[in-house]
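Work through the exercises below with the sequence and the structure at hand. Try each task before reading its solution.

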Amino acid sequence: MCRSIKTLREPYVPDVTSADIDAAALQYVRKISGFRAPAPHNAEAFDAAVAAVAAATATLLDQLVVRGARSGGATAAAGS
């Protein structure tokens with residue numbers, strides 16, 4: 001889909017930061033919406049979508065079970 005969104009789970013990325021998650025969420029929303037930056041009247045919806053996607057991403061990464069990975073979840077940023 002969007003080539004600039006990188007895989008954020010182990011073993012591809014050993015430590016995921018909230019900045020990594022936010023960047024991926026922003027790229028996803030940009031791709032889906034077709035806007036690099038929304039017009040002022042769409043900014044609130046755009047920002048809310050980025051926050052929702054980031055939260056869902058953090059939850060997903062925290063709940064994934066990767067065989068051979070260190071214990072305690074896949075993200076250091078879960079809950080951020």
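**Exercise 1.** State which helix the buried residues of helix 1 pack against.

*Solution.* In this predicted model, the buried residues of helix 1 pack against helix 2. The protein has 2 helices and 0 strands.

**Exercise 2.** List the buried residues of helix 1 and find how they are arranged around its axis.

*Solution.* Step 1: pick out the residues with under 20% relative accessible area. In helix 1 the buried residues are Ile-21, Ala-24, Ala-25 and Val-29.
Step 1: look down the axis of helix 1. The buried residues lie within an arc of 130°, so they line one face of the helix.
Step 2: recall the general rule. An α-helix has 3.6 residues a turn, so residues three or four places apart point the same way.

**Exercise 3.** Compare the span of helix 1 with the span expected at 1.5 Å a residue.

*Solution.* Step 1: count the residues, which number 16 in helix 1.
Step 1: take the distance from the first C-alpha to the last, which is 22 Å.
Step 2: compare. The span is close to the expected 22 Å.

**Exercise 4.** Describe the largest nonpolar core and name the element that gives the most to it.

*Solution.* Step 1: identify the members. The core has 12 residues, including Leu-8, Val-13, Phe-46 and Leu-61.
Step 1: assign them to elements. Helix 1 (18–33) and helix 2 (43–63) each give two or more residues to this core.
Step 2: Helix 2 gives the most, with 5 residues.
Step 3: check one member, Ala-24. Beyond its neighbours within four places in sequence, Ala-24 is in contact with Ile-5 and Leu-8.

Technical notes: Residues numbered from 1 in each chain as written. Predicted model: local features only at pLDDT ≥ 70, side-chain atom pairs only at ≥ 80, totals over all residues. Heavy atoms only, no water. Helix = DSSP H or I, 4+ residues; strand = E, 2+ residues; numbered from the N terminus. Core = buried A, V, L, I, M, F, W, Y, C linked by side-chain atoms within 4.5 Å. Buried < 20%, exposed > 50% of the residue type's maximum accessible area, 1.4 Å probe, protein only. Contact = heavy atoms within 4.5 Å. Expected span 1.5 Å × (residues − 1). Arc of directions from axis to C-beta.
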